[in-house]
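The structure comes first, and the explanation follows.

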Amino acid sequence: MSQAHEVLERARNARLAGKYEDALRDHLWFHEHALEDDPTLAGVRLSFALRDWIYLAEQFPLARRALQAIRDRDTQRILSGSATLGRFHDISAINSALGEERATHDLFTQIDAQLPELAKDCAELALPALVAVEDFQLARRYLPDPVARITAQAKRVNDFAEDLAKRGNTSSAPQLLAFVLNYTKEVRLVVEVFRRLGEDEEVANASAAALDSLKSEALRDAVQREFDNPGSTIAAMVAHAKGSDDKQ
């Protein structure tokens, strides 16, 4: 286990033990230095680690203020000329964890005005915030071809499923379900933009492409099930995890 893994685990244990200042200290270190120690933690850093940080903030308000301070610092860095896609990714993930999507929207509108090339790169990350604050016109501007957007997302799911099949790795079912869940979220965002703007033909085309672009019947069934019954994919993930625990 890498040092960064150990620090994150230590932060979680400190929180559970009520040692909130120690937990915050480790969260701060992890966010700032984890990738220097282990670059493979990029996904964990902006998902599970932020989730745990928010759990800490629910019990220790200083933790929330510390996370907001990091967000504000990086926002200022972008606006002061040190703008990168990675930095915007950090900020958007933090705002999502905090439930402050308006801050992502406001930053993106400034990038859109001042750094149009970077805005193109950041648009995919910004889309959830744009939809959350109902700025559908701005979102539409960065969705010139919704079918192409969905097809590209579907390719990621197809490629991952094919790789699993080649390796015969059935233990990665939760990972595939996570891909399905993220894919359906993406499709819903795209469709919502066009639905709210009254572009019914684009809604129909995007909805059809969401299923037609998937290569396997099993994937299409899983995506359709999530569309029909939101939350069914998470339920399947929980059931899979429970089944694995029961076998141990």
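Contact means heavy atoms within 4.5 Å; helices are DSSP runs (H or I, at least four residues) numbered from the N terminus. This is a predicted model, in which local features need pLDDT of at least 70 and side-chain atom pairs count only at pLDDT 80 or more, while totals for chains, interfaces and linings use all residues. Residues are numbered from 1 along each chain as its sequence is written, and side-chain values use heavy atoms, with hydrogens and water left out.

Just after α5, Gly81 takes a positive phi of about 115°.

Asp74 is also among the lining residues of the second largest pocket, together with Arg73, Arg77 and others. A pocket here is an open set of points on a 1 Å grid over the protein atoms alone, where a 1.4 Å probe fits, with protein on both sides within 12 Å along at least five of seven lines; lining residues have an atom within 4 Å of a point. α2, α5 and α6 each supply at least two residues of this lining, and the pocket has a volume of about 150 Å³.

The largest pocket holds about 1600 Å³ of space. Of its 35 lining residues, Leu46, Ser47, His89, Asn182 and Lys185 lie nearest its centre. α11 gives the most to this lining, with nine residues.

How values were computed. Points joined across faces, edges and corners; volume = space filled by probe spheres on them.
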